Amino acid sequence: MNMRLNNRWCLVATVALLVAGAAYPVPNKASARIDKLVETKLDELGIPPSDPCSDEVFLRRVYLDVIGTLPTREEAQRFLASNAPNKRSDLIEELFERPEFADYWSLKWCDLLRVKAEFPSKLWPNAVQAYHRWIRTALFNNMPYDEFARAMLTSSGSNFRAAPVNFYRAMPKREPVEIARIVALTFMGMRTDHWTQQELLGMAAFFGNVGYKTTAEWKEEIVFFDPTLRFVDPQSGKPVEPRLPDGTLVPLSETRDPRIDFADWLVGSKAFSQNAVNRIWYWLLGRGIVHEADDFREDNPPQNAELLDFLAGELVGSGFDLRHVYRIILNSKTYQRSSIHNEGNLADESNFSRYYVRRLGAEVLIDAICQITQTTESYSSEIPEPFTFIPEKERSIKLADGSITSPFLDLYGRPPRDTGYESERNNTPSSAQKLHLLNSTHIQQKLLNNKELFGMYYVQREGRKGQDKKLQTAWYPPEKTLENMYLSILSRYPTAQEKRVALAYFQEVKNRQLAGVDLVWALMNTKEFIYKH
């Protein structure tokens with residue numbers, strides 16, 4: 001195949017991002033405030049921002065960032081043909097309502113919450129399905145974030161029937177200190193390695209009454225408030241009074257679950273709202289205002305403290321509406337900037353003067369490949385329990401169980417869901433990844449599947465007298481085929497230069513299917529396809 005291309009695929013793969021004529025929509029006040037805070041910081045540093053991105057770039061970017069899914073050819077055509085002044089804002093609202101929004105963001109949350117049947121979480125498949133279903137439903141219904149967190153922190157009951165209690169089971173050590181560490185990481189973005197022993201033990205005491213007991217049903221477990229338990233200092237053996245991270249002591253009661261007191265404090269704390277908006281900013285723009293996104297501490301200050309405070313205030317003021325935070329970020333000029341640098345912001349990696357290019361996540365990439373080639377992936381679980389069957393057409397972003405994986409997902413850095421750290425997901429490119437897309441039979445077999453992408457379609461021909469009509473193959477004109485390829489793979493139309501090169505290649509190869517395979521292969525190996533930009 002490489003010989004057939006005769007080095008021309010390099011020209012096909014060199015794609016110019018279209019930036020001429022781009023314009024921002026009129027932002028709402030909150031989005032404008034985001035831009036003002038970002039631009040003020042850029043002015044202080046003498047960094048000029050990049051130009052706005054084109055409609056083609058925005059379309060692909062927002063689909064991948066919001067629903068983890070490529071736009072279809074028809075969706076791309078419809079958006080690019082629209083002259084509506086608010087079409088970007090309208091598209092954002094449409095994506096919020098799609099089921100893929102809940103699929104994709106439940107994937108993100110399942111990474112943080114270590115949703116996994118096998119070691120180290122050891123939830124087992126029944127609990128994984130219940131937990132994932134609850135998380136996805138909460139995101140689909142836009143449950144307020146304070147309620148979402150409170151449900152996990154204060155719930156009691158069966159891990160099969162009261163799904164949020166699995167928060168207390170998805171951890172290697174089900175003991176108060178470990179619970180405190182995970183609560184701080186998940187809901188405060190803090191790593192307790194930097195805490196004093198008194199701070200850690202004081203917070204752990206809120207979870208000293210978490211009890212566990214089994215039932216007659218295999219692998220079912222009840223999580224409950226057990227007033228007979230008392231957390232003691234593992235070194236001194238003395239009881240520890242619950243102490244909030246702000247230093248406030250909370251007296252214990254024999255009848256009141258101290259987890260409720262902690263949850264009441266947490267959802268009203270600055271740390272809670274700041275952590276939530278910082279994660280969303282990180283997920284959408286590739287870098288946290290505090291970075292790493294789960295490393296809040298005094299000696300790791302936010303890049304833009306005013307911006308972080310503003311976003312946290314918007315979350316609280318909206319009634320903890322996460323979509324409100326998504327909305328104001330996505331509609332901002334900051335999010336809609338081009339990823340192409342200028343002379344003044346080439347070295348900027350932390351001030352959001354441009355959109356930071358990053359590789360597609362493992363699940364998103366394989367789903368995009370399958371969508372383009374009209375193929376599926378097979379997934380299975382080694383655990384012999386019910387609810388582990390994965391339908392053939394299930395998309396990777398819908399995989400509930402971190403134990404169920406594939407060689408492709410492993411190769412492209414899907415997180416093992418062992419710790420809940422953002423850094424578990426490895427999006428660093430490697431030579432093995434490049435070779436897989438270039439030469440693997442896995443990808444080659446997929447490329448041969450979607451003949452319509454290469455321009456083939458079927459027409460009915462009249463049969464001989466007394467015989468049924470027959471289907472015969474026909475081909476779209478090369479220009480139409482090329483347009484379909486670009487819209488399906490890169491969500492845009494080909495440039496004039498790309499057309500010239502590709503049409504010349506069609507004429508040279510003669511065999512339409514072979515030429516089509518080569519061109520699709522070339523486009524799927526471009527950075528424009530593999531990366532979010």
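Leaving aside neighbours within four places in sequence, which residues is Pro 176 in contact with? They are Ala 204, Phe 207, Gly 208 and Phe 231, where contact means heavy atoms within 4.5 Å. The model is predicted: local features need pLDDT of at least 70 and side-chain atom pairs count only at pLDDT 80 or more, while totals for chains, interfaces and linings use all residues. Residues are numbered from 1 along each chain as its sequence is written, and side-chain values use heavy atoms, with hydrogens and water left out.

Pro 176 belongs to helix 10 (residues 176–188). Helices (H or I, at least four residues) and strands (E, at least two) are DSSP runs, numbered from the N terminus. With a relative accessible area of 19%, Pro 176 is buried; buried means under 20% relative accessible area, exposed over 50%, and partly exposed in between (1.4 Å probe, protein chains only). Pro 176 and Leu 59 are 117 residues apart along the chain, and their C-alpha atoms are separated by 46 Å.

The next topic is the nonpolar core. In soluble globular proteins, nonpolar side chains tend to be buried together. A nonpolar core is a set of buried Ala, Val, Leu, Ile, Met, Phe, Trp, Tyr and Cys residues joined through side-chain atoms within 4.5 Å. The largest one here has 159 residues, and Ile 329 and Phe 529 have the most contacts inside it. Helix 13 (residues 270–285) gives the most to this core, with ten residues. Apart from neighbours within four places in sequence, Ile 329 is in contact with Ile 34, Ile 280, Trp 281, Leu 284, Leu 285, Leu 311 and Tyr 335.

In helix 5 (residues 73–81), the buried residues are Arg 73, Glu 75, Ala 76, Phe 79 and Leu 80. They lie on the same side of helix 5, because they cover an arc of only 160° around the axis; the arc is that of the directions from the helix axis to the C-beta atoms. Arg 78 and Ala 81 are exposed on the other side of helix 5. The buried residues of helix 5 pack against helix 4 (55–67), helix 6 (87–96) and helix 20 (478–489). Helix 6 is largely enclosed by the rest of the structure, because seven of its ten residues are buried. These are Lys 87, Arg 88, Ser 89, Leu 91, Ile 92, Leu 95 and Phe 96. Their cover includes helix 4, helix 5, helix 7 and helix 15.

On a 1 Å grid over the protein atoms alone, a cavity is a set of points where a 1.4 Å probe fits but cannot get out, and a pocket is an open set with protein on both sides within 12 Å along at least five of seven lines; lining residues have an atom within 4 Å of a point. Grid points are joined across faces, edges and corners, and a volume is the space filled by probe spheres set on the points. The structure holds three cavities of 30 Å³ or more, and the largest cavity has a volume of about 70 Å³. Helix 15 supplies the largest share of its lining, three residues. By class, this lining has eight nonpolar, one polar and one charged residues. Ala, Val, Leu, Ile, Met, Phe, Trp, Tyr, Cys and Pro count as nonpolar, Asp, Glu, Lys and Arg as charged, and the others, Gly among them, as polar.

The largest pocket contains about 710 Å³ of space. Of the 31 residues that line the largest pocket, Tyr 282, Gly 286, Arg 358, Arg 425 and Asn 427 are the closest to its centre. Helix 7 gives the most to the lining of the largest pocket, with five residues. That lining divides into 13 nonpolar, six polar and twelve charged residues.

Some backbone details remain. A cis peptide bond, with omega about 5°, joins Phe 119 and Pro 120, and Pro 120 is in the loop between helix 7 and helix 8. Another cis peptide bond joins His 291 and Glu 292, with omega about 5°. Glu 292 is found in the loop between helix 13 and helix 14 (305–317). Phe 352 is not a glycine, although its phi is positive at about 65°. Phe 352 lies in the loop between helix 15 and strand 4 and counts as buried, at 1% relative accessibility.
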